[in-house]
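These are my notebook entries on one chain, kept in the order in which I looked things up. I began with the strands and then turned to the helices, the rings and the cores.

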Amino acid sequence: MTRLQRVLANLFGGWFRLRQRFPSALLDELADAVSAGERSHLGEIRFALESRLPLRAVLAGLDARLRAQAVFAQLRVWDTEENTGVLIYLLLSEQRIEIVADRGIAHRVAQPQWDAICLRMRDAFARAQWREGSLAGIEAVHALLREHFPADDRPNPDELPDRPVLL
């Protein structure tokens with residue numbers, strides 16, 4: 001996406017449809033999916049949705065990846081015992097999805113695996129399947145965390161909030 005396209009997307013793109021595409025009932029369903037899946041592994045998932053970036057930030061070069069990394073820190077996704085926090089970040093205006101993983105899981109999961117999850121979500125979102133794409137993304141992250149950090153019989157506290165955050 002060029003700088004001009006990004007500016008236009010953040011000014012006029014469908015960012016104002018955030019609540020329409022992600023109503024409270026869907027946020028509840030996503031929170032339940034995060035909570036249920038976290039019982040099977042030692043990871044923690046946060047789901048963050050942002051309607052758009054401020055024009056000044058876009059002009060300064062802030063992109064979805066950099067913003068996702070900042071949100072990862074802001075939400076303290078790194079603050080888990082096993083360093084297995086994962087952020088799924090959606091920037092609605094630019095139709096960008098970023099997954100940021102803490103160092104504990106990033107050493108075990110290759111970037112192409114995260115990219116595949118993002119692509120699956122993006123394909124569903126392109127068909128206006130917001131619920132299905134979000135749930136599929138959450139489940140795919142759970143599957144990776146189960147593979148690399150199974151809960152087994154170890155203590156498994158819920159370390160981060162499960163409800164998606166609207167930024």
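Entry 1, strand β2. Which residues point one way from β2, and which the other way? I first record that I am reading a predicted model. On one side of β2 I find Gly 85, Leu 87, Tyr 89 and Leu 91, and on the other Val 86, Ile 88 and Leu 90. I looked up the burial of both sets, and all of these residues are buried. The strand spans residues 85-91, and seven of its seven residues are buried, so I note it as largely enclosed by the rest of the structure.

Entry 2, neighbours of β2. I then looked up the strands that pair with β2. With β1 (residues 44-50), β2 pairs in the parallel sense, and I count seven bridges. Within this pairing, Phe 47 has Ile 88 of β2 as its bridge partner. With β3 (residues 96-101), β2 runs antiparallel, joined by six bridges. Here Ile 88 stands opposite Ile 99 of β3, and Leu 87 has Val 100 of β3 as its bridge partner. Four residues lie between the strands in the hairpin of β2 and β3, where Gln 95 takes a positive phi near 50°. I note β3 as mostly covered, with five of its six residues buried.

Which residues of α1 are buried? In this helix (residues 3-12) I find Arg 6, Val 7, Ala 9 and Asn 10 buried. They span an arc of only 165° around the axis, so I place them on the same side of α1. For background, I recall that an α-helix has 3.6 residues a turn, so residues three or four places apart point the same way. On the face turned away from the buried side, I note the exposed residues Leu 4 and Phe 12. The partner against which the buried residues of α1 pack is α4 (55-59).

I located His 41 in the loop between α3 and β1.

I searched for ring pairs with centres within 6.5 Å, and the count comes to three aromatic pairs. One of them joins Phe 22 and Trp 130, with 5.9 Å centre to centre and 65° between the planes, which is edge-to-face. Phe 125 is buried at a relative accessible area of 8%, and Trp 130 is buried at 13% relative accessibility. Through ring pairs, Phe 22, Phe 125 and Trp 130 are linked into a cluster.

How many residues does the largest nonpolar core have? I find 33, and those with the most contacts inside this core are Phe 22, Ile 88, Trp 114 and Val 141. The elements giving two or more residues to this core are α3, β1, β2, β3, α7 (111-126) and α8. The element that gives the most is α8, with seven residues. Apart from this core I find another, of 16 residues, including Ala 48, Ala 64, Leu 91 and Leu 160.

I returned to Phe 22 to list its contacts, leaving out residues up to four places away in sequence. Phe 22 touches Leu 27, Leu 30, Leu 49, Leu 90, Phe 125, Trp 130 and Ser 134.

Conventions: Residues numbered from 1 in each chain as written. Predicted model: local features only at pLDDT ≥ 70, side-chain atom pairs only at ≥ 80, totals over all residues. Heavy atoms only, no water. Phe/Tyr/Trp six-rings, centres within 6.5 Å; stacked < 30°, edge-to-face > 60°. Buried < 20%, exposed > 50% of the residue type's maximum accessible area, 1.4 Å probe, protein only. Arc of directions from axis to C-beta. Contact = heavy atoms within 4.5 Å. Pairing = 2+ DSSP bridges. Core = buried A, V, L, I, M, F, W, Y, C linked by side-chain atoms within 4.5 Å.
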